[in-house]
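Biologist: I have a new structure to look at. Can you walk me through it?

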Amino acid sequence: MCSIQQHPWAHLKSDVLPIFRQAVITSLDRNYRTIPYTLKRVWDVDERVRRHTYIQISSYPVKQYIVAQRFVKIVLIPQWFESYQKNNVAFVKALKIDADEKEMERFAKTAKLALGEIFTKYGLNDATTMLGLREEDKTIPLKNLTIETAICWQALLKILQHTESYELDAYMVDLMAFGNYIKTFADTPTLCNYIRQLAYDPSMTRDMLQKMYFQSMMQVLLEIARSG
């Protein structure tokens, strides 16, 4: 039996087990020879392999691509986004792999990079509507806060920081009010519907997921506060 290191591309073409194709994608060096083989897995029959491929290639430095390979930024991201009916939250959710803290960190980083491209291409109006920002304090109601909406919110504010100041002012939250928002979340995370649902599940797996989501969401909120 050949090893992944000996014939990686053969595994991508013929291995029937998605977990092996995923392992090959992870093990491949990032260079101009391997990128074409990796990109083909975006159309893999297995959703998890497609998702893993996207996460891998989204972290590649764009400057390493030749012109033809830059379609990741120009073509792939818009096409995938449009396949989710241009719904930012649904798109981000599709990137998430509930595995461990390391995967969650990679997911958050990848999602923010992809959203930056999406907001630049499609604008911000639909995003603000989907997030359901409250008019009175420019925050997402805690009951609707998820890791996906938190990341979209952070990416939105980051884009706005590079636009005209009046647009940023329209969405920037007051730091004191936002501090209270974070404190409320920290004190009572089950105000978030999704975390509350996890809290009611007695399994150890769900308990671990609850903690992981809480920590990830808190990190995003703190990053928003620091950038304000």
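Modeller: A term to begin with: a salt bridge is a side-chain nitrogen of Lys or Arg within 4 Å of a carboxyl oxygen of Asp or Glu. This is a predicted model, where local features need pLDDT of at least 70, side-chain atom pairs count only at pLDDT 80 or more, and totals for chains, interfaces and linings use all residues. Residues are numbered from 1 along each chain as its sequence is written, and side-chain values use heavy atoms, with hydrogens and water left out.

Biologist: How many salt bridges does the structure hold?

Modeller: Four. One of them joins E223 to K112, with the closest N and O atoms 3.0 Å apart.

Biologist: Where in the chain do E223 and K112 sit?

Modeller: In distant parts, 111 residues apart. E223 is in helix α13 (residues 204-227) and K112 is in helix α7 (residues 101-122). Helices (H or I, at least four residues) and strands (E, at least two) are DSSP runs, numbered from the N terminus.

Biologist: Why does K112 count as partly exposed?

Modeller: Because its relative accessibility is 25%. Buried means under 20% relative accessible area, exposed over 50%, and partly exposed in between (1.4 Å probe, protein chains only).

Biologist: What does D137 pair with?

Modeller: D137 forms a salt bridge with R134, and the closest N and O atoms are 2.9 Å apart. D137 is partly exposed at 25% relative accessibility. R134 is partly exposed too, at 28%.

Biologist: And which residue forms a salt bridge with K138?

Modeller: E135, with the closest N and O atoms 3.3 Å apart. K138 counts as buried because its relative accessibility is 17%. E135 is exposed, at 63%.

Biologist: Where does K138 lie?

Modeller: In the loop between α8 (125-131) and α9. K138 also has a positive phi of about 60 degrees, although it is not a glycine.

Biologist: What about the phi of K86?

Modeller: Phi of K86 is near 55 degrees, a positive value in a residue other than glycine. K86 lies in the loop between α5 (71-83) and α6 (88-95). At 36% relative accessibility, K86 is partly exposed.

Biologist: Let's zoom out. How many helices and strands are there in the protein chain?

Modeller: The protein chain has 13 helices and zero strands. Of its 228 residues, 43% count as buried.

Biologist: What share of the contacts comes from residues 24 or more positions apart?

Modeller: They account for 64% of the contacts with a separation of 6 or more. Contact means heavy atoms within 4.5 Å.

Biologist: Which residues does Q22 touch?

Modeller: R48, V49 and H52, not counting residues up to four places away in sequence. Q22 is found in helix α2 (residues 18-27). Q22 counts as buried because its relative accessible area is 15%.

Biologist: Now confidence. What is the mean pLDDT of the protein chain?

Modeller: The mean is 78, and 77% of the residues reach 70 or more. pLDDT is the predictor's confidence in each residue, from 0 to 100.

Biologist: Where is confidence lowest, and where highest?

Modeller: Lowest in helix α1 (residues 8-14), at a mean of 57, and highest in helix α11 (residues 175-187), at 93. Over residues 1-6 the pLDDT is below 50. Beyond near neighbours in sequence, that stretch has seven contacts in the model.

Biologist: New topic. How much space lies in the largest pocket?

Modeller: About 310 Å³. The search runs on a 1 Å grid over the protein atoms alone. A pocket is an open set of points with protein on both sides within 12 Å along at least five of seven lines, while a cavity is a set of points where a 1.4 Å probe fits but cannot get out. Lining residues have an atom within 4 Å of a point. Grid points are joined across faces, edges and corners, and a volume is the space filled by probe spheres set on the points.

Biologist: Which residues are closest to the centre of the largest pocket?

Modeller: K112, Q154, A155, K158 and I159, out of 16 lining residues. The largest share of that lining, six residues, comes from α7.

Biologist: How many cavities of 30 Å³ or more turn up?

Modeller: One, in a search of the whole structure. The largest cavity has a volume of about 60 Å³. Its lining includes F81, K86, F119 and Y122. Here α7 gives the largest share of the lining, three residues.
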